Amino acid sequence: MPQLGFGVWQVPDDEAVKAVATALEAGYRSIDTAAVYANERGTGQALAASGIPREELFVTTKLWNSDQGHDAALHAFDTSLDRLGLDYVDLYLIHWPLPAKDTYVDTYRALEKILSEGRAKAIGVSNFLPEHLERLVAETSVVPAVNQIELHPQLAQAEARALHARLGVATEAWSPLGQGRGLLDVPALVAVARKHDRTPAQVVLRWHLQLGNVVIPKSVTPSRIRENIEVFDFELDAEDVAALAALDEGRRLGPDPAEFHVGA
Ligand code: NAD
């Protein structure tokens with residue numbers, strides 16, 4: 001899995017065609033979509049039009065909350081593949097755990113079946129808290145390849161990252177730039193960016209890469225799409241990393257996975 005990919009949340013289907021095409025031209029090969037983003041069709045169109053061989057692409061999509069349950073998940077997966085126009089996805093994720101509904105174990109067994117059929121090359125979860133992940137690992141046979149969680153310098157998720165490392169689950173950071181809200185103007189971050197003659201967004205993405213996170217920054221602005229992938233030719237030193245570590249407030253921008261039940 002490429003450590004840096006392109007996220008398309010909140011990009012309308014028709015705009016996704018253009019944004020994904022721009023990302024592929026800029027060199028991204030991994031795209032993160034979801035059934036609920038309502039842009040699997042546009043994403044698939046851009047992938048097909050690019051002419052890039054399928055095996056060089058890494059496509060992730062996610063099962064929406066209303067489709068949890070074993071049989072519903074199998075059906076939802078077929079629908080996603082159809083909209084993407086693909087024979088397989090590289091990674092299929094359960095979007096949210098919905099603990100009060102208590103269907104994620106059953107749902108994950110459907111993902112194991114999809115994996116065994118080769119229609120997803122890897123399966124995993126998103127927004128799973130440590131207790132959900134521990135239970136899943138205890139009750140099913142395939143360790144999730146990935147847990148995609150909200151993670152940025154203001155929510156560094158040390159506990160989750162340590163658990164993932166122990167279980168052999170890759171940590172994938174959603175909203176890696178803190179949704180561009182506030183974080184990118186924080187003076188300590190701006191100072192590190194100046195020191196390296198880089199942008200704050202590039203410094204944040206570099207911080208993720210050095211921590212070992214997979215990142216999927218989103219933008220529909222071509223110059224930013226390109227900027228966000230130009231992060232493999234510089235390195236943060238210990239002092240920079242310490243300056244970013246000091247920004248951790250343990251504050252979520254998104255919902256608490258223990259409570260979130262939209263669509264369930
Ligand atoms: P992000 O942290 O990637 O921030 C995106 C926003 O930051 C952009 O809309 C823009 O306003 C700004 N931005 C982007 N590049 C910039 C740059 N170079 N300079 C200045 N500003 C810049 O936020 P996101 O879209 O929430 O998260 C990224 C991806 O993560 C999503 O597109 C989606 O694929 C995924 N995601 C998953 C979940 C989940 O529940 N699994 C939830 C949210 C997002």
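1. Strand 3 (residues 58-63), helix 3 (residues 70-84) and strand 4 form a right-handed β-α-β unit. Right-handed means that, with the strands pointing away from the viewer, the path from the first strand over the helix to the second runs clockwise. Helices (H or I, at least four residues) and strands (E, at least two) are DSSP runs, numbered from the N terminus.

2. The model is predicted: local features need pLDDT of at least 70, side-chain atom pairs count only at pLDDT 80 or more, and totals for chains, interfaces and linings use all residues. Residues are numbered from 1 along each chain as its sequence is written.

3. Strand 3 pairs with strand 4 in the parallel sense over four bridges; pairing requires that DSSP finds at least two bridges between the strands. Within this pair, T61 has Y92 of strand 4 as its bridge partner.

4. Strand 4 also runs parallel to strand 5 (residues 123-126), to which three bridges join it. Here L93 stands opposite G124 of strand 5. From strand 4 the chain passes through helix 4 (residues 104-116) to strand 5, a right-handed β-α-β crossover.

5. Which residues cover the two faces of strand 4 (residues 91-94)? L91 and L93 lie on one side, Y92 and I94 on the other, and all are buried. A residue is buried if 20 or more other C-beta atoms, placed from the backbone, lie within 10 Å of its own.

6. In the chain as a whole, 47% of the 264 residues count as buried. The chain has ten helices and eight strands.

Key: A residue is buried if 20 or more other C-beta atoms lie within 10 Å of its own, exposed if 12 or fewer, and partly exposed in between; C-beta atoms are placed from the backbone.
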